[in-house]
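Here is a walk through one protein model. Keep the sequence and the 3D view side by side as you read.

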Amino acid sequence: MDSEPLVSVGIPCYNRPEGLRRTLECITGQTYKNLEIIVSDNCSPNPDVEKVGREFESKDLRVRYCRQSVDIGLFPNFQFLVEQATGTYFMWAADDDLLDENYIELLMEIHYKKEYSLVGANWNLESPSGIIKNLIDLPDVFWGEINPNYGALKLFLTTPHFKTSKQSLIYGIYNRDKLLEYFISKRQGFFPDLIDIGSDLIIIYAMICNGPVYVLNKKIWIHHIDYEVTELTLYGKLRKVLAIFRNILFKKKKYHHEINMYIREIKDLSEKCIDGSSERIMLYFYIALYKLKLKYWYYL
């Protein structure tokens, strides 16, 4: 229905034509019809990616295919899609995920009830060996409404990362204006330029701090990952991100007192971390502290 708010769907893709086809079939087949669908091909060397994009563009007027002339990087490609979109609401869709046909409709029904910065839903993970079923249960604070307060954010952050893939919430539906505020504040220097790992979590935390956020406890999509879930996969990269955040947090002396109050708690919790990585739990808290520091970034 044209009376429904326009939802822009941005699909960043690279070199996976069959995955892109699967995602485009899911998105064009959604029960929610008022969609703007933008594909950003990050200069894929495989020509079949462009063939798939052009095919759907030719048969569905809602689809627009864009090809980058050079590889601009993963998250710059994500940002390009946000800036190209014109909808009141926006979502990213990975080029290999599988969504229930009413995914967008169900999440938009929640958006109608209140002004959320982000609405997401529970998911299944699919690795090369199939659906991963034995994930650690997420705490109750993760489901329903998450408000921008330290207690809720702390519980959210201390939930194990690799075994829950909670960063998958990035594929929910955003209030596009609030998402754009994040990218504007990032350009103004309030958010750092980081390597790709960890950027999805930073966006989620920015939405919580500019929230509330709502997460529907219903598994209505499958998130595909190209690796088996293991704590060792990203261990080295996480240590590098931790070092980056440590430097960022201590740049401004006026925040030292507030930060130091939480460092003791970070150290205590890192020793009790149930999945055994003190570096990971400290990374989460450094991110949380950075978000809290900038909670009122408009007035800095």
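**A charge, rings and a helix**

Begin at Phe56. The charged end of Lys59 lies over the ring of Phe56, 4.3 Å from the ring centre.

Before going further, consider confidence. This is a predicted model. Its protein chain has a mean pLDDT of 76. Of the residues in the chain, 61% reach 70 or more. Over residues 229-239, pLDDT stays under 50. The model has 22 contacts beyond four places in sequence for residues 229-239.

Now turn to the aromatic side chains. The structure contains eight aromatic pairs. Take Trp92 and Tyr174. Their ring centres are 5.4 Å apart. The ring planes stand at 75 degrees, over the 60 that edge-to-face requires, so the pair of Trp92 and Tyr174 is edge-to-face. This pair links distant parts of the chain. Trp92 belongs to strand 4 (residues 89-92), and Tyr174 belongs to strand 10 (residues 173-175). The two are 82 residues apart. Are these residues buried or exposed? Trp92 is buried, with a relative accessible area of 0%. Tyr174 is buried too, with a relative accessible area of 0%.

A further pair is made by Tyr171 and Trp221. This aromatic pair is edge-to-face, with 6.0 Å centre to centre and 70 degrees between the planes. Tyr171 and Trp221 also connect distant parts of the chain, 50 residues apart. Tyr171 sits in the loop between helix 5 (150-157) and strand 10. Trp221 is in strand 12 (residues 221-224). Tyr171 has 12% relative accessibility, under the 20% cut-off, so Tyr171 counts as buried. Trp221 counts as buried at 3% relative accessibility.

Return to Trp92 and Tyr174. Together with Phe75, Phe78 and Phe90, they form one aromatic cluster.

Finish with helix 1. The helix covers residues 17-28, twelve residues in all. From first C-alpha to last, helix 1 reaches 16 Å, close to the 16 Å expected at 1.5 Å a residue. Which residues of helix 1 are buried? They are Pro17, Gly19, Leu20, Thr23, Leu24, Cys26, Ile27 and Thr28. What do these buried residues pack against? Their strand partners are strand 1 (7-13), strand 2 (35-41), strand 3 (63-67) and strand 5 (98-99). The buried residues of helix 1 also pack against helix 2 (47-59).

Notes: Residues numbered from 1 in each chain as written. Predicted model: local features only at pLDDT ≥ 70, side-chain atom pairs only at ≥ 80, totals over all residues. Heavy atoms only, no water. Phe/Tyr/Trp six-rings, centres within 6.5 Å; stacked < 30°, edge-to-face > 60°. Helix = DSSP H or I, 4+ residues; strand = E, 2+ residues; numbered from the N terminus. Buried < 20%, exposed > 50% of the residue type's maximum accessible area, 1.4 Å probe, protein only. Lys NZ or Arg CZ within 6 Å of the ring centre and 35° of its normal. pLDDT = per-residue confidence, 0-100. Contact = heavy atoms within 4.5 Å. Expected span 1.5 Å × (residues − 1).
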